[in-house]
Amino acid sequence: MKINTVVIGGGPGGYVAAIRLAQLGIEALVIEKENLGGVCLNVGCIPSKAVIHAAKSFYKAKNEFGNMGIKISDPQLDFPAMISWKDKITQKLSSGIGGLLKGNRVSVLKGTASFVSKNQIEVLETSGTKTTVDFENCIIATGSSPIALPAFPVDQAKIVDSTGALALKKLPASMIVVGGGYIGLELGMAYAKLGTKITVVEFADSVLSAFDKDIVQVIEKKIKKLSIDVLTGTKAQSFKDSGSQVTLVCETPAGVREVTADHLFISIGRKPNTGGMNLEKLGVELDKQGFIKVNEMLQTSVSGIFAIGDVAGQPMLAHKASKEGEIAAEVIAGHKSVMDVRQIPAVVFTDPEVGQAGLSEKEAKAKGLNITVSRFPYAAIGRALTTDETDGFVKFISDATTREVLGITIVGANASDLISEACLAIEMGAFVEDIALTVHPHPTFGEILMEAAKGNLGEAIHMLNPKH
Amino acid sequence: MSIFTVLLPDIGEGVVEGEVIKWLKNVGDALAQDEPVVQIMTDKATVELPAVKPGKLAKQHIAEGKIAEKDKPLYDIELAAGVSAPQDSHGHKEAPKQEAQVSEKPQATKATASAPVLSATGKALATPATRKLARDLGIDINQVPGTGKGGRVTKEDLEGFLSGESDSAPVSSEARSGNLPAVTMSKTPVFVYEGDERIPLRGLRKVIAERLVESKTIVPHFAYFEEVDMTELKKLRNELKPLAEEAGAKLTYLPFFMKALTLAIKKFPIINSSIDLGTNEIVVHKKIHIGMATATKDGLIVPVIRDADQKSLIQLANDSQGIAQKTRDGKASSDELKGSTISITNIGSIGGLGATPIINYPEACILGMYKIQDRPVVRDGQIVIRSMMNISFCFDHRIVDGANGAEFCNYFIGLLNNPGRLILGS
């Protein structure tokens, strides 16, 4: 087989790259060893959001509807039905991608790929046959996998990673989450809402340590409300099989402690998938963290070979992979495209949600920038009260001299959707006034960004502005 | 371990930039002193640049297919232990800092525009669409003074930047064409069919494309056809051929045509000229340097026979064959491939009765030579068989009018019809 561009991996980087290539008239082949859509669609973003939404709905029905005068006597959870609802969503989306690729005349080969040379790849198809593909360009979009801890071998039964945690047969009575990053907390909080007793073990001195402290405090409040135990500064050491359960031995600042639960969920981070492709033979260079080194055109150290998404460096986020996929495709088509984005947003589906675009307060300070930081609370917005979602605030960071918007972090309801306005503002090089002077519809959550921008100028209407 | 930034050195008189054709070393590769690091194509010659110091290739500043500018960073060497940075003009000890670049920026002409305003993150204030336009136009947007609110760079600023001050501005070669209209390729979408092959337009092919678009866009061409009676010239050449061979030269018809061209130019000097758009003057060249269109495996290249009017037929024969071979072998230097004042394209050896060649800009004239055929012609009321060759001239009509061109051509073919006049020199 001979093809212009081979894309290894059909995740949010790879399939987007292939479609963009097809749009630009370049013949592309996607090689996928599992399901189209990658981790994101099959065992990551999408299924976890389904479980999180279901858990939130269940929790509200049980604990919060009463605030609005709605009485439901003892709502019941059919956990297997919830999981199968989630599975239907991922199947639907995955076949949708198959349809898009087909409609764009992109071929798909199911199997694993291994480089023979910089212009040839061998695919061991799922069917067992070996196919050799000659190509001019290749985009490596193999993504990442959960980091395994040697002391905690994942069996997807008692010891699970994020994939296993989304495919449990029955609702666990208890679960220990090792790693208080966004994946561990999102699912930990969701399971807590469904009724699972959650213990979070985190090595750092705070969960979500990448975010500013004041942001994390809002989530910690809810963690407490959900009766989740958080052991910070704690190292998971070993485990013991305790019959139907598992016991974690960990070292807390107060000494060694044992915690027993139905499952141990390991979520300490992800690592790039660079093995098994014979990359060494091509001389494709990796950086110290094991990511494939790429330039701003996503070109690796070997000409004609590109890398995008998780395998090509931080942040390991689907939307970054998709953007890079488009750029790599355009570079292959001879366009003058480069990865020159001004921001890559991050969203966390904890309760409440977090959305961040541009710089955080601590990043801006670390850069020594002269900034104006302001906050605006959800509780001052009508819509937040009418939906019973008053926790959280918007943090607005601007250049103190020029008033350019440098960063916006939202912690609160719908933060994951609201952050898009901040993304556009930063990408456009907006000034604080640009947001403050734009009429936002009332009564919506969206007003909070306008108010926060006004607050940054000392002119918020629905808040008393600090005196300078 | 110190990092040494190597700048694109002077690789030929008047060469200000070159396209990076191929990196011969990848980042991280060890470099021995004088080991070739990168292939650069300037004008029409491709050169390999050797490592100025031993060490390790730390960074490639210019991607393959992109333009490297003279005295701008080309690559970084992580110097081997104990090696000191050279103190000549080929490198800086450290890459220039942002402030240094900003202070070198051109002063804007518009009253409202001032120094480029950069965001706290060190980048120009501009929307994603404007940034994309800048990339497409080959402009470093961080160098563009913005006229928008707070120094924002607008699409209009980019256009103004291109048309206004492209001499000193950091604009890539695609965008740089003096005060001339920017040369752009057609924007009509390409039809794509199954089985189409895509070949990147780069290297020599790209230069050819750009040069010819430039010529056809700027120069109002007009073509003029004539025929030369080669019968006498054929006889003369057959007589001189063995003598030339004794002197070590292979005598083709080309040297005779060159000779005739130089004599005709002496009579009609305006043919050997160029328009200088910068000063609005016609520059009439006293030197006669003949460009000779030469087919190579990579495409058309035009090496130059210098001072053709000062050379004998034997010298012209030797020079044209020598330089053609050198060009085909890819060994001609950049200086040997530029500076012609008039050009000849000879496809007669392949075939063809006529064509309208494109002027080798900024020249004013190109001569096309075609196949020699025995044809029935009328001489003194009788049909006789003579050896005939069609020729065509394409002229720049801004300089040469139809009548001038015709007179020049008449004189030119007169010399060839009676080749004795070539020896006479008039």
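**Figure 1. Buried residues of helix α7 of chain A.** In this predicted model, Ile215(A), Val216(A), Ile219(A) and Ile223(A) of α7(A) are buried (a residue is buried if 20 or more other C-beta atoms, placed from the backbone, lie within 10 Å of its own, exposed if 12 or fewer, and partly exposed in between). Seen down the axis of α7(A), the buried residues fall within an arc of 85°, so they line one face of the helix (the arc is that of the directions from the helix axis to the C-beta atoms). An α-helix has 3.6 residues a turn, so residues three or four places apart point the same way. Helices (H or I, at least four residues) and strands (E, at least two) are DSSP runs, numbered from the N terminus. Residues are numbered from 1 along each chain as its sequence is written, while chains are lettered from A and ligands numbered from 1 in the order in which they are written. Local features need pLDDT of at least 70 and side-chain atom pairs count only at pLDDT 80 or more, whereas totals for chains, interfaces and linings use all residues.

Figure 2. On the face turned away from the buried side are the exposed residues Lys213(A), Gln217(A), Lys221(A), Lys224(A) and Lys225(A). Just after the helix, Ser227(A) has a positive phi of about 55°.

**Figure 3. The crossing of helices α6 and α7 in chain B.** The axes of α6(B) (residues 254-267) and α7(B) (residues 313-328) come within 9 Å and cross at roughly 120° (axes are lines fitted to C-alpha atoms, for helices over the stretch in contact, and angles run from 0 to 180 degrees between N-to-C directions). Leu254(B), Pro255(B), Phe256(B), Met258(B) and Lys259(B) of α6(B) meet Leu313(B), Leu316(B), Ala317(B) and Ser320(B) of α7(B) (two residues are in contact if their C-beta atoms, placed from the backbone, lie within 7 Å). The residues of this contact divide into 7 nonpolar, 1 polar and 1 charged (Ala, Val, Leu, Ile, Met, Phe, Trp, Tyr, Cys and Pro count as nonpolar, Asp, Glu, Lys and Arg as charged, and the others, Gly among them, as polar).

**Figure 4. The contact between chains A and B.** Chain A contributes 21 residues and chain B contributes 19 residues. The side of chain A that touches chain B has 7 nonpolar, 8 polar and 6 charged residues.
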